Amino acid sequence: MARIRILPEVLSNKIAAGEVVERPASVVKELVENSIDAGADRIVVEVGNGGRRLIRVADNGSGMARDDALLALERYATSKIRRDEDLFAIRTLGFRGEALPSIASVSRFILATRRPEDEAGTEIEIAGGKIESVREVGVPPGTMITVRDLFFNTPARRKFMKTVATEMGHIGDGLAGLALGHPQIHFELRHNERLLRRWSRTGDAAERVAAVLGAALRRDLMPMALETEAATVGGWVAAPRVNRRTSHGVHIFVNGRHVRDRTVLHAVLQGYRERLMKGQYPVVVCRLTVPADEVDVNVHPAKHEVRFVRQQQVHGAVAGAVHAALVSGVRPAGLNPGEPDNRLRALSASHREMDGVAESAPEFNRPSEPTERAAGGMTAKSGMTFQSPATGKRPAPPGTIHPEPVPPQPSLWSGGQFAHLKLIGQFRRTYIICESDAGLVLIDQHAAHERIYFEQLRKRSQTRNAAAQALLIPETLELDFREAAALEAMREAFARVGFDIEPFGGNAFIIRSVPDFLATAELGPMIREIIEGALAAGVKPEPGVLQEESLKIMACHGAIRARQTLATAQIQRLLAQLDECENPSHCPHGRPTWIRWSEQALEKAFGRRV
Ligand code: ADP
Ligand code: MG
C-alpha cells in the first residue's frame, strides 16, 4: 500500500468543493450568504449561460481589508466563529470558512473588495485554486466576486451540469429563498444581461412574500404566529386550494437560514393534514426562531439541514401553528359564492414591475411556478371548470361536544348548506347529484360519510377518554429492526391512547388491549402504517396524532361504500349530518367531498357562451 500523506492544499480544496459546490446554484447561495453576513442591503447576482460561463455577486456590505481578503481564501479561514462554543451559537449564515477557497479551486475566480473606510480596494485573481495576481484597484465599497468557467478543471462535475433552464431554475429558487428571508435587502438577478428578478427593499415581510411567491397568491395567504418555549413560529400559510405537486412551495427558515428540514416539513404537512390529498403539497413560509444553542446547523457542508435539540417540541409547535392559522384564517367552505377574501389585500401591490420582468424573460423557468390547478380549480378535458371546495373548516357552532351514538344519529335539519340542497338523485350508485343556487353539485358518498363517521368517532373518543379494552385473543406483530425500534420508542404514546403493546422477544410485539373506540379495525396493518409515517418524518407521533390516525382508518372501514344504492331518506340524513361536521368539505384523507359546476361553466361547455 502507498504511504499515507497529507494532501496538498489545492487538492483538499477541490475535494471540499465537491461537497460545498454541487452546481452553479450552490455558488450563488454561498456568495449571497456571505454578502448577507457582511451586512449588505443591496445584492446583485449576474449569471451567464446558466452559470457555466459566469456567476458574479456584487454587494455593498462591509468589504475586506487586503490581508483579510487574502486570508478569506484559505481553507477554514472565517471571521465568523472563534471558539468551540461559537459553533453551538451560530448567528451568521456562513461559519465553516470553506466556501471561498472551494469555489476558487474549481473556477477562474476574482475577488474585488473595499472597506468604506479604505482609499483603495484589493483585487485577487485565482485560477483553479492558484493565486495569479494581487493588486490595488479602485472599486466601490463592498465586495464583488466573479466566478468564470465553473468546474473547468473538474470535467466530471462539469458533465453533471444540466441545461441552462434547469440550472437557472435552481439559482432562481435558491435566491428566492434567500430573498424571502431577507426583505430588508434589495436583490437583483440577471441572466445573459437581462433582468429576471428584482425584489426591492421593504420593511414589510408580507410584501416580500407576495413579491417572491407571486401576486396571485396574495389573497390566499394567512399569517401564522405561535410562541412556545421551544420555538417561535411565524410566517404564512396558503389556503389548501393553492397546492403543488412537490414540497418546493414550503419555505422553511430556521433562525433566518433557509433550510430543507424533513421534521419541519412533516410538521407543516401535519398541520394541513385533512386539507390536502396525498401527493399535494401546500405553499408555506415558515419562520422558526429557536435558541441558537438548541439547533445544530453544522450537519452538512452545504448547511441546508439542521437538527433540533428539542425536535419533538419544535415539531409540535410548527404543526400547531399551521393548523391554527388554517382554522382561524379560512372562510367557510361555501357551496354558494362567498365574499372575496380581503384580509390579505393589505399585502402591497407595489411589485407590478416584477410581473413585467418575468414576462420579458421566458427562459427563466421556475419549476415551482403555480400550476393551473393551484390557481383555482382543475380543468377537465371537456373544458369545464371543476370547482373544488374552497378550504378547510367552518367555525364550530358553540357547544358542539355532545357525545353521539355511532351509527348515525337521526337527522337534525339544522338549516345548513348541504341540507338545503335540492336532491336530484344518485349517479352510478356512487355520487349524489344536487342542485344549488350556485350550480350543480356532486357529492362523493363514501368521502362524505367517511368525514361524518370520522368526526363522530372523534367526539366519542374524546368523551370516553380512550378507555382500553382487552383483546380476547392478543395479537402478535412481527416488525423489522427499524420499525421495532420506532415502536419501542412510541410505546408510551400508544399506551396513553389505550393500546397495551408489549415486547415479545426479537422484533415481535404482542398487542393485549386497544382503545375501545377501535374495536373493529385491523390492528397490524394500522400500527405498521402509523410507525412508517413516524419513521418517514423522523419523529414520534403525539398521542393525539396517533389517535387521529387510528380514527381515520376506522372511519374508512366503517363508511358507506361507493356502488351502494341509497334511499332518499338516507341521502337526506347524510346531507344533514354533513352540515354538522366541522370540516364537511374534505374526507379525513383530504379528498374533497363535493365538487360543483357553476351555471356559467355549463353554458360555456355547451357553447351557449364564449
Ligand atoms: P464563511 O462564510 O464560512 O466564514 P467563506 O469561505 O464563505 O467562509 O468566507 C470566508 C470569510 O471571508 C468570511 O468569514 C468573511 O470574513 C469573508 N467574506 C466572504 N465574503 C465576503 C463579503 N461578500 N463581504 C465581506 N467579507 C466577506
Ligand atoms: Mg460563507
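Student: How many bridges join strand 12 to strand 13?

Tutor: Strands of a sheet pair through backbone hydrogen bonds, either parallel or antiparallel. Two strands count as paired if DSSP finds at least two bridges between them. Here strand 12 (residues 250–254) and strand 13 run antiparallel and are joined by three bridges; Ile252 faces Val259 of strand 13. Helices (H or I, at least four residues) and strands (E, at least two) are DSSP runs numbered from the N terminus. The model is predicted: local features need pLDDT of at least 70, side-chain atom pairs count only at pLDDT 80 or more, and totals for chains, interfaces and linings use all residues. Residues are numbered from 1 along each chain as its sequence is written, chains are lettered from A and ligands numbered from 1 in the order in which they are written, and side-chain values use heavy atoms, leaving out hydrogens and water.

Student: In what order do the strands of the open sheet lie?

Tutor: The order of the five strands is 9-10-15-12-13, with mixed pairing. Strand 9 (221–227) and strand 13 (257–259) each have a single partner strand, so one side of each lacks a neighbour in the sheet.
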